[in-house]
Amino acid sequence: MQEMRNVVALEIGLDVRIEGSLAAIQQALAAFAAQSPAMVVDSVTLRINESLLVPAEQPVSGLLTVSVLKVGA
């Protein structure tokens with residue numbers, strides 16, 4: 001016989017400003033899958049910082065809207 005428990009879920013919304021190389025931002029987004037409590041990316045807005053004339057790799061800036069989910073008993 002299974003016992004029923006009260007489960008509480010908490011969702012916290014965050015806006016996170018980011019800046020760096022596109023590769024570093026991609027690695028950070030991929031790392032979210034392993035986070036505990038769970039982090040879900042709701043939206044991503046990225047733009048290239050064209051004011052810096054670095055031909056090799058221009059920095060990228062943006063805004064992530066993230067939800068942090070925590071489930072507890």
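Which residues is I18 in contact with, leaving aside its neighbours within four places in sequence? I18 is in contact with I25, L46, V60, S61, G62, L63 and L64, where contact means heavy atoms within 4.5 Å.

## Basis of the report

The structure is a predicted model, in which local features need pLDDT of at least 70 and side-chain atom pairs count only at pLDDT 80 or more, while totals for chains, interfaces and linings use all residues. Residues are numbered from 1 along each chain as its sequence is written, and side-chain values use heavy atoms, with hydrogens and water left out.

## Overall architecture

The protein chain contains 1 helix and 3 strands, and from the N terminus on its elements follow the order β-α-β-β. Helices (H or I, at least four residues) and strands (E, at least two) are DSSP runs, numbered from the N terminus.

Of the 73 residues in the protein chain, 16% count as buried. Buried means under 20% relative accessible area, exposed means over 50%, and partly exposed lies in between (1.4 Å probe, protein chains only). The accessible surface of the protein chain is about 5900 Å², and 57% of that surface belongs to carbon and sulfur atoms; such areas come from the Shrake-Rupley method with a 1.4 Å probe, and for residues only the protein chains shown count as cover. Among contacts between residues at least 6 apart in sequence, 71% join residues at least 24 apart.

The largest nonpolar core has 6 residues, namely I18, I25, F32, V60, L64 and V66. Strand β3 supplies the largest share of this core, 3 residues. A nonpolar core is a set of buried Ala, Val, Leu, Ile, Met, Phe, Trp, Tyr and Cys residues joined through side-chain atoms within 4.5 Å. In soluble globular proteins, nonpolar side chains tend to be buried together.

S61 has its place in strand β3, which covers residues 60-72. S61 counts as buried because its relative accessibility is 14%. Leaving aside neighbours within four places in sequence, S61 is in contact with I18, E19, T45, L46 and R47.

L14 lies in strand β1, residues 8-20. With a relative accessibility of 37%, L14 counts as partly exposed. Not counting residues up to four places away in sequence, L14 touches L64, T65, V66 and V68. The C-alpha atoms of L14 and T65 are separated by 5.8 Å, although the two residues are 51 residues apart along the chain.

L14 also belongs to a nonpolar patch on the surface, formed with L10, I12 and V16, and together these residues have about 300 Å² of accessible area. Patches are made of residues with over 30% relative accessible area and no salt bridge; like charges are joined within 9 Å, and nonpolar side chains (Val, Leu, Ile, Met, Phe, Trp, Tyr) within 5 Å. A salt bridge is a side-chain nitrogen of Lys or Arg within 4 Å of a carboxyl oxygen of Asp or Glu.

V68 is found in strand β3, and at 15% relative accessibility V68 counts as buried. Leaving aside neighbours within four places in sequence, V68 is in contact with L10, E11, I12, L14, P37, A38 and M39. V68 and E11 are 57 residues apart in sequence, yet 5.6 Å apart in space, C-alpha to C-alpha.

P37, one of the contacts of V68, is found in the loop between α1 (22-31) and β2 (38-48). The peptide bond from S36 to P37 is cis, with omega near 5°. Most peptide bonds are trans.
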